Amino acid sequence: MHLALLKLAVLPDRTFRTVNPPMFPRSPHSCPDRIARHVLLLVMWTWCGASIADEAVKVPENIAAILQTHCSECHRDKNRKGGLQLDQLPGILAGGESGPVIDLKQLKESHLLQKIESGEMPPEDQPRLSTDDVTAIRNWILDEAFWSEASQASKETNSDHEVYPILLRRCIVCHGRHRQEGKLDLRTHASAMKGGQSGAVVVPGEPEKSLLIQKVRSGAMPPHDRLVEVSIKPIEPREIEVLAEWIKRGAADFVAPMPGPTDGPDTLVTATDREFWSFKNPVRPSIPDVRALDATPTEASNPIDAFLLQKLHERGLEYSPAADKATLIRRATYDLTGLPPDPNDVVAFLEDKSPQAWAKVIDRLLASPQYGEHQARRWLDLAGYADSEGKREQDLPRPHAWRYRDYVIRSLNADKPFDRFLQEQLAGDELVDYENAAEITPEMSDCLVATGFLRMVPDATWANITGYVPDRIEVIADEIDVLGSAVMGLSLKCARCHSHKFDPIPQRDYYRMLAVFRPALDEYDWLKPDVRAGLGPVSVDTMPGRLLPFVPTAERQAWEEHEAAVNQRVADAKARNASAEDIRAIESQRKPEPLIQALWDRGEPTPVYVYRRGDPLNAGEVVSPGAPSVLSSTNGDLDIQPPRPGAKSTGRRLAFARWLTRPDHPLTSRVQMNYMWQQHFGQGIVKTLANFGKTGTPPSHPELLDWLACEFVRNNWSLKSMHRLMMTSRAYQQASALEEDRLAKDPDNQLISRMPMTRLSAEELYDAMLIVSGRLDPTPFGPADPVQARPDGLITPSATANGWRRMIYVQQARKKQVTHQENFDFPQMNPNCVERRDSLVAPQALHLMNNGMVFQLADATADRILSEAGPEPAKQIERLTWLTQGRAPSAEEQQLGIETLRQLKDEWIAGSTTPGTQPPSEADAVRKALSTYCHAVFNSAGFLYVD
C-alpha cells in the first residue's frame with residue numbers, strides 16, 4: 001500500500017465537509033471503512049492536478065471550481081503570483097509572500113476574504129465573482145470547524161523546515177560555528193540529534209522529555225542575562241510550540257534542501273516580462289546616415305553626432321555654434337580632473353592650430369593623475385563611501401576605509417577594464433588565493449581592498465544593543481540597494497517585502513540575490529564593524545571584525561621592522577631606568593597595524609529563506625543563489641563553482657560578478673554609459689539614472705544608448721576610451737548660449753541642442769580655491785586628513801605642512817561633515833548618492849563671503865599674484881583672470897579691475913586710519929586691496945560656473 005495511504009489510515013476518523021450554496025446546510029459524509037474513505041479522497045477533486053496524497057481535508061468542490069475559474073490564472077502551481085498558490089489546500093494555508101491569507105484566529109479578518117469582498121480580487125481583467133460566489137467563499141472561510149480540522153491536518157503533514165529559522169534566530173549564535181557552549185552544535189540535524197555534554201537534547205516523539213524544550217520553556221535558554229551580549233531576543237511562545245510540535249512528529253530533518261536549477265519556463269517571470277527594452281540584451285544598431293541631413297564632415301565624423309543630429313533634424317534643429325577654445329579647455333579640464341586649467345596649457349591649446357589639437361588636450365587630461373582623483377569621487381558617491389559608520393551619535397570611525405578610496409583612484413588612472421573593476425569589488429577575495437600565497441602582491445591586496453565596496457553603507461551593528469538580526473538585515477538591504485542603483489540601474493528594495501509592484505522582480509529573486517552574498521553577509525553569522533572589549537564575542541576563526549591583515553608583503557614587513565625598532569628602544573629605555581614620560585614618548589612613535597576593511601566568503605552560509613513581508617520572524621521557502629530571472633535566459637540560475645581546487649569559498653559572488661559583467665548583459669554597460677553621459681551632458685539618456693525599470697524615464701535616444709553600451713564592451717570596457725569618444729563629439733563642443741528657438745523646441749535640452757552651464761561641485765570649488773591660491777598640497781593617497789570641529793560650530797579640514805590636500809582626501813565622517821561640503825550640496829550617504837542635487841541657497845554666498853578659510857585663501861592668492869605679476873594692477877588683473885577663469889580679461893574687465901583695486905586701496909588706507917595711529921603702508925594697502933579683489937572673484941559667476 002502507498003505510504004501516504006498507510007499514514008492516512010492511522011489518522012483519527014474525520015468528516016469531509018462541503019460548503020454548499022446559500023440556504024443549504026452542510027451535510028457530513030462518512031465512510032465506515034477508513035481506508036476506503038481515504039482512497040475516495042485521493043481520487044476526488046481532480047482539478048487540483050498533483051493533489052497531495054496525505055491530505056485528510058480538501059477544498060470543497062464548489063469552492064475549488066470558483067477558485068479555478070477566477071484565481072488559477074495567477075495563483076496556481078505553475079504561476080504563483082505573490083508566492084500564493086490557491087489550487088491546493090496546503091498552498092492556501094501557507095499563504096503568500098505577504099503572509100497568511102487565512103487568519104486561523106480571526107477568520108473574519110482573513111486577507112483572502114477582504115480582497116474578495118472588496119472587489120480588489122480577482123483583478124479587473126479577470127472574470128468577476130457573482131454574489132453567490134462571494135457568499136460561498138465567505139461561508140467557507142468562516143467555517144471554523146473546517147479550518148480547525150484543516151490546520152490540524154496541516155500540522156501533522158506540514159514541512160519541518162520552519163524549525164531551522166528558529167534555531168538560527170535564537171540558538172546558533174552560542175551553539176553553532178563560532179561557539180559551541182555545552183559542546184552542543186545545532187547547525188545540522190545530525191549534530192542536534194547527537195546532543196552535547198549533557199547528553200541528548202531531543203527525544204523524538206517526546207517533547208516533554210527533550211532537554212531542548214525543557215530549557216526554552218523554563219526560560220533558561222536562551223539565558224536572559226546574556227541576550228544583549230550576543231544580540232538576540234527572547235524566544236517567543238509560538239516558536240516554542242513549533243519546536244515541540246516538530247519533536248512530537250518525530251524530529252525529522254529540519255534543513256530544507258536547496259532548490260536545484262529551474263527546468264522549463266519560470267512560473268513568476270514571463271517571456272512578455274523580458275520584452276521590456278532594458279531587460280533585453282543590447283544590440284549594436286547601425287549608425288544613422290547623416291549625409292541626407294546636410295551635416296558637415298566635421299559634424300558627421302563621430303558616431304555620437306550621427307545619432308543626435310538625426311533627432312535634432314526631426315525637430316527642425318541643429319547644433320549650437322562651437323564654443324571658443326578657452327571655454328572648451330576649461331570645460332574639459334573640470335570634467336576630467338575637477339581642477340581649473342593651467343594658464344600655460346590654455347595658451348598652448350590656443351596656439352595649436354593642428355586638427356589634432358583638441359584630441360591632444362583630451363589625451364593629456366586622461367593621462368593626468370588628477371583624472372583618477374576626480375573620477376573616483378563619482379564612483380565613491382555611487383558606492384556610498386564614508387570614513388565612519390554613521391547611524392549612531394558616536395559615528396564609529398573606519399580607520400582603514402581610505403584604502404578603498406585609493407584603490408578606486410589607482411584603478412581609474414590605470415583605466416582598469418570596468419568588468420574587472422566590478423568583479424574585484426564584488427568578489428575580489430574569490431579571484432585570488434590570498435590565504436595560501438607565499439607573498440601578498442599589491443595586485444592581490446587590491447582585490448581584497450576592492451571588496452570594501454560591500455562594506456560602505458551606514459552600520460551601527462558594532463554595538464550589541466543595535467546589532468540584532470533586524471539591524472543586520474537593514475545593513476544587507478542597504479548593500480543590495482547600492483548594488484542595484486550603482487551597477488544594475490534597478491530599484492530592488494521593494495522586492496524585500498513583496499514582489500515588485502511594477503518591475504518583474506519577484507520577492508523570490510530578491511532573496512536569491514541575498515543567497516549570493518550570504519557566505520559573506522550572513523545575519524546569523526555576523527562580523528561586527530569593530531570589536532572591542534564589551535562589544536561582544538570575537539569570531540574564533542577570523543580576524544576581529546571585518547579586517548584582514550593581507551596588505552602587500554613589503555608594507556607589512558616595513559611595519560613589523562618599525563615596531564621591532566620601537567620595541568627595542570622601549571627595552572633600552574627601561575634598562576637605563578628612563579622616566580615614564582620618556583617611555584610614553586617612544587611608545588607614541590608606534591604606527592597602527594596595516595589592515596584591510598574587506599568582505600570575504602567564509603564558506604559556511606546558512607540557508608536563505610524568503611521573509612514574508614520582509615519579517616525574519618515569518619520565514620517562507622528556502623531559495624538557492626541566483627540572479628533576477630528577468631535578466632537571465634537561465635531563469636536566474638548561476639554557474640557556481642569553487643573559485644579554485646580546495647578553496648573553502650563557495651564561489652557564489654564570483655559567479656554573480658561574471659554574470660553581471662558578461663558582454664551582453666542587459667543593464668551593466670547601459671547603466672554605466674548613462675552615468676557617463678550625464679556627467680558630460682548634464683542629464684542621462686535615461687533621466688532616472690538608477691531606475692531603468694518600468695517606472696523610470698524612457699531613453700531619449702535608445703539606439704545611441706545601445707550603441708554606446710556595445711562600443712564600451714568592444715573597447716574592452718575602457719572608461720577612458722568612452723570619455724574620449726564623448727568629448728571629441730561635435731555635440732560636446734557646442735556653446736552653452738541660450739537661444740529662443742532652441743528653448744522652444746528643446747526646452748529641457750534632451751536633444752542636446754546646446755551644452756549646459758554647470759556650477760562647480762563642492763569639491764571642485766574647494767580644490768579650485770586651493771590651486772589658485774597656491775596652497776594645494778598635491779600629495780596623493782593615504783589616511784584621510786582629519787577635520788576640526790570649531791567652537792563656533794564650523795567644521796574645517798586640517799592643513800598639512802604644505803597647505804591642504806584635495807577634498808577627496810579629507811575625512812568624510814557621516815556625523816561631522818565639513819561645513820563647506822554641507823553648504824555646497826555634498827551628499828549624505830544614506831546609503832549612497834546616484835545624482836547630486838544642485839541648490840542655490842543663502843548659506844553658499846554667506847560661506848564664501850565670511851568663512852575664515854576663504855579669507856586665508858584670498859590672502860594667499862593675493863601673495864601669489866604679487867609674486868608672479870608684480871606691482872602693476874593691469875598685470876595683476878590679467879594674471880588673476882587667467883588663473884581663475886582660464887582666459888585673458890576683456891578690456892572692459894581689465895579697466896574695471898584696475899579702478900576697483902585703486903578704490904579698495906584708498907578705502908583700506910582711510911578705513912584703517914584712526915587718531916594716534918599710523919596709516920598702513922602703501923604696500924600693505926595694495927596687498928589688502930588685492931586680497932579683497934581676489935575674495936570677490938571667488939564669489940563671481942565666472943569662477944563658480946563652467947560654460
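**Figure 1. Ile752, a buried loop residue.** At 2% relative accessibility, Ile752 counts as buried, because the cut-off for that label is under 20%. This is a predicted model, and here we zoom in on the loop between α30 and β7, where Ile752 lies. Most residues other than glycine have a negative phi. Asn749 is found in the loop between α30 (740-745) and β7 (758-759). Its phi is near 60°, again a positive value in a residue other than glycine. With 6% relative accessibility, Asn749 counts as buried.

**Figure 2. Trp677 and its contacts.** Ile752 turns up here again, as one of the residues that Trp677 touches. Setting aside residues up to four places away in sequence, the list of partners also includes Ile304, Leu308, Gln683, Ile685, Leu704, Leu708 and Met726. Two glycines, Gly682 and Gly684, are on that list as well.

**Figure 3. The largest nonpolar core.** This core holds 160 residues, and Trp379, Tyr404, Met488, Phe656, Trp677 and Leu708 touch the most other members. Which helix gives the most to this core? That is α22 (residues 469-488), with eleven residues. Domain 2 (290-369 + 666-745) and domain 3 (417-546 + 598-660) both give residues to this core, so it lies between them. Apart from it there is another core, of 40 residues, and Tyr334, Ala762, Phe824 and Phe943 are among them.

**Figure 4. Helices α3 and α6 crossing.** Two packed helices are described by the angle between their axes and the distance between the axes. For α3 (residues 61-70) and α6 (residues 131-141), the axes come within 10 Å and cross at roughly 125°. That makes α3 oblique to α6. The crossing of this pair, α3 and α6, is left-handed. On the α3 side, the contact is made by Asn62, Ile63, Ile66, Leu67 and His70. On the α6 side, look for Asp133, Ala136, Ile137 and Trp140.

**Figure 5. Helices α23 and α26 crossing.** Here the axes of α23 (residues 507-517) and α26 (residues 652-660) come within 7 Å and cross at roughly 120°. That makes α23 oblique to α26. From α23, Met513, Ala515, Val516 and Phe517 meet Arg652, Arg653 and Phe656 in α26. You have already met one of these: Phe656 is among the residues that touch the most other members of the largest nonpolar core.

Figure 6. Why is helix α21 (residues 442-450) described as largely enclosed by the rest of the structure? Seven of its nine residues are buried, so that is how the helix ends up enclosed. The buried ones in α21 are Met444, Ser445, Asp446, Cys447, Leu448, Val449 and Ala450. What do these buried residues of α21 pack against? Their partners are α19 (402-413), α20 (418-431), β3 (547-548) and β4 (596-597).

Figure 7. Most peptide bonds are trans. The bond from Met121 to Pro122 is cis, with omega near 0°. Pro122 has its place in the loop between α5 (111-117) and α6. A cis peptide bond also joins Met221 and Pro222, and its omega is about -15°. You'll find Pro222 in the loop between α10 (211-218) and α11 (227-230).

**Figure 8. Arg556 in helix α24.** Buried or exposed: what does Arg556 count as? At 15% relative accessibility, Arg556 counts as buried. This arginine lies in helix α24 (residues 553-575). Leaving aside its neighbours within four places in sequence, Arg556 is in contact with Pro549, Val551, Glu593, Pro594 and Leu595.

**Figure 9. Trp908 in helix α36.** Trp908 sits in helix α36 (residues 891-912). It is partly exposed, with a relative accessible area of 32%. Leaving aside neighbours within four places in sequence, Trp908 is in contact with Pro920, Ala925, Lys928, Ala929 and Thr932. Zooming back out, the protein chain has 38 helices and ten strands. Of its 947 residues, 54% count as buried.

Definitions and conventions:
Residues are numbered from 1 along each chain as its sequence is written. This is a predicted model: local features need pLDDT of at least 70, side-chain atom pairs count only at pLDDT 80 or more; totals for chains, interfaces and linings use all residues. Side-chain values use heavy atoms; hydrogens and water are left out. A nonpolar core is a set of buried Ala, Val, Leu, Ile, Met, Phe, Trp, Tyr and Cys residues joined through side-chain atoms within 4.5 Å. Buried means under 20% relative accessible area, exposed over 50%, partly exposed in between (1.4 Å probe, protein chains only). Helices (H or I, at least four residues) and strands (E, at least two) are DSSP runs, numbered from the N terminus. Domain bounds come from an automatic or database domain assignment. Contact means heavy atoms within 4.5 Å. Axes are lines fitted to C-alpha atoms, for helices over the stretch in contact, and angles run from 0 to 180 degrees between N-to-C directions. Angles under 35 degrees count as roughly parallel, over 145 as roughly antiparallel, 65 to 115 as roughly perpendicular and the rest as oblique. A crossing is left-handed if the near helix is turned anticlockwise from the far one by less than a right angle, and right-handed if clockwise.
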